[in-house]
Amino acid sequence: MKLKELLHYTYIFPILAVGYYFSGLLGQGALYDAIGGILLIGAVLSAVHHAEVVAHKVGEPFGTIILALCITIIEVALIISLMVAGGDQAITLARDTVFAAVMLILNGILGICILVGGVKYYEQFFARTSATTYLVSIVSILVLTLVLPNFTSSVNGPFYNNAQLTFVSVACLVIYGVFLMVQTVRHRSYFIIPEEHPEEHYIPSLTKTLISFVFLVICLAIVVMMAKGLSSSIENMVQSLGAPKSLVGVIIAAVVLLPEGVAAIRAAKSNQIQSSLNLALGSALASIGLTIPAVSVVCIMYDIPLVLGLDKKDIILLSLSVFIVMLSLSRGKTNILYGTVLLVNLAAYIFTVIVP
């Protein structure tokens, strides 16, 4: 690679973020935290770039799977580190973050992608079979993890006992594992529209791909560490606003999903709505299908109680979001109304988090 390419912001930001984190300045005041936040966002955007380079090399649908798994790794590491540090005070963090991630993806990322694509192209077309395959898996895991705990009787409250938690974790992994087999082997054609990519087919060199992979790992690691370092500042900010603690989960989910959102919106602007759906719905599926089992293992090992069941208000909002997404993706084409309705749902969710 040329020196000029290595001076690109996607290489500079991760290095600056690593140096800043280990300098010990993070958490020393509002100004230092603000600088850390800027470097954190830069590292997130850098992760998007490097994930896309790797994705171009391996092709679809493997590229979107890589980015979805990277986002899930960030989310899992962040939730587990905060839960272990917070103990019983963080028993709802996993639920709040996963729920926030699902709501931000289904309403926010999908809504913006559909709206942006609708404004620019009027209608965009995708494979209905891919949307159905995603949604069947997502709905099943959502009900098992976030709704069913409210109605079991072995433990009082929105909890699973260890046996139930183990069963649900295995069920999530089975569904996600079979879905990956369907996406990458048996029915790979469901998730690809060849004519959607009429322009150039950029394939990076092996050297550039390996360098991007190394920087992708660095970006993911430093995002987790920086976010953890800023977590107390985020919690203090939420408390100072008088907002519920669940807003912390929304903020964490928003930071974690920033790479996914940027990549998906960029694809929609390029008239690649199928790639946008693969990124958004794949991330939603990975977020719940892998995060819940990983967090469950840690909670069982450290004997941390894990609240999973949503309250009635959140169940209604989740049901509304899933129902609207299913209707919006039922015809294989999009328009601006679908995107607008989804974004209104997102606004209702965030508003009811702040003003419950």
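What follows is a chat about helix packing, a cavity and a pocket in a predicted model.

Reader: Let's start with α2 and α3. Which residues do these helices cover?
Author: Helix α2 runs over residues 9-23 and helix α3 over residues 30-58. Their axes come within 8 Å and cross at roughly 140°.

Reader: What does that make α2 and α3 to each other?
Author: They are oblique to each other. An angle has to be over 145 degrees to count as roughly antiparallel, so α2 and α3 are oblique instead.

Reader: Is the crossing of α2 and α3 left-handed or right-handed?
Author: The crossing of α2 past α3 is left-handed.

Reader: Which residues of α2 meet α3?
Author: On the α2 side they are Y9, T10, Y11, F13, P14, L16, A17 and Y20. Their partners in α3 are Y32, I35, G36, I38, L39, G42, A43, L45, S46, H49 and H50. By class, this contact of α2 with α3 has 13 nonpolar residues, six polar and no charged.

Reader: Now α3 and α9. At what angle do their axes cross?
Author: At roughly 45°, and the axes of α3 and α9 come within 9 Å. That angle makes α3 oblique to α9. The crossing of α3 past α9 is right-handed.

Reader: Which residues make the contact?
Author: From α3 there are L40, I41, V44, L45, V48 and E52. From α9 there are V255, L258, P259, V262, A263 and R266. The contact of α3 with α9 has ten nonpolar residues, no polar and two charged.

Reader: Change of topic. How many cavities of 30 Å³ or more does the structure hold?
Author: Three cavities reach 30 Å³ or more. The largest cavity has about 80 Å³ of space.

Reader: What lines the largest cavity?
Author: Its lining is made of L40, L78, L82, A227, S231, I234, V248, I251, I252, V255 and V256. Ten of these lining residues are nonpolar, one is polar and none is charged.

Reader: Which helix gives the most to that lining?
Author: Helix α9 does, with five residues. Helices α4 (62-86), α8 (206-240) and α9 (246-269) each supply at least two residues of the lining.

Reader: And the second largest pocket, how much space lies in it?
Author: About 340 Å³. The residues that line this pocket are D33, G37, L40, I41, V44, L230, S233, I234, M237, I251, V255 and L258. Helices α3, α8 and α9 are the elements that give two or more residues to the lining.

Reader: Which one gives the most?
Author: For the second largest pocket, α3 gives the most, with five residues. The lining of this pocket divides into nine nonpolar residues, two polar and one charged.

Reader: Where does L40 turn up, then?
Author: L40 lines the largest cavity, and L40 also lines the second largest pocket. I234, I251 and V255 are among the lining residues of the cavity and of the pocket.

Reader: Last pair: how far apart are the axes of α5 and α12?
Author: They are 7 Å apart. Helix α5 covers residues 93-121, helix α12 covers residues 336-354, and the two pack at an angle of about 150°. That makes α5 roughly antiparallel to α12.

Reader: What about the hand of that crossing, and the residue classes?
Author: The crossing of α5 and α12 is left-handed. Their contact has 16 nonpolar residues, seven polar and no charged.

Definitions and conventions. Residues numbered from 1 in each chain as written. Predicted model: local features only at pLDDT ≥ 70, side-chain atom pairs only at ≥ 80, totals over all residues. Heavy atoms only, no water. Axes fitted to C-alpha atoms, helices over the stretch in contact; angles between N-to-C directions. Helix = DSSP H or I, 4+ residues; strand = E, 2+ residues; numbered from the N terminus. Parallel < 35°, antiparallel > 145°, perpendicular 65-115°, else oblique. Left-handed = near helix turned anticlockwise from the far one by under 90°. Contact = heavy atoms within 4.5 Å. Nonpolar A, V, L, I, M, F, W, Y, C, P; charged D, E, K, R; others polar. 1 Å grid on protein atoms, 1.4 Å probe; cavity = no way out; pocket = protein on both sides within 12 Å on 5 of 7 lines; lining within 4 Å. Points joined across faces, edges and corners; volume = space filled by probe spheres on them.
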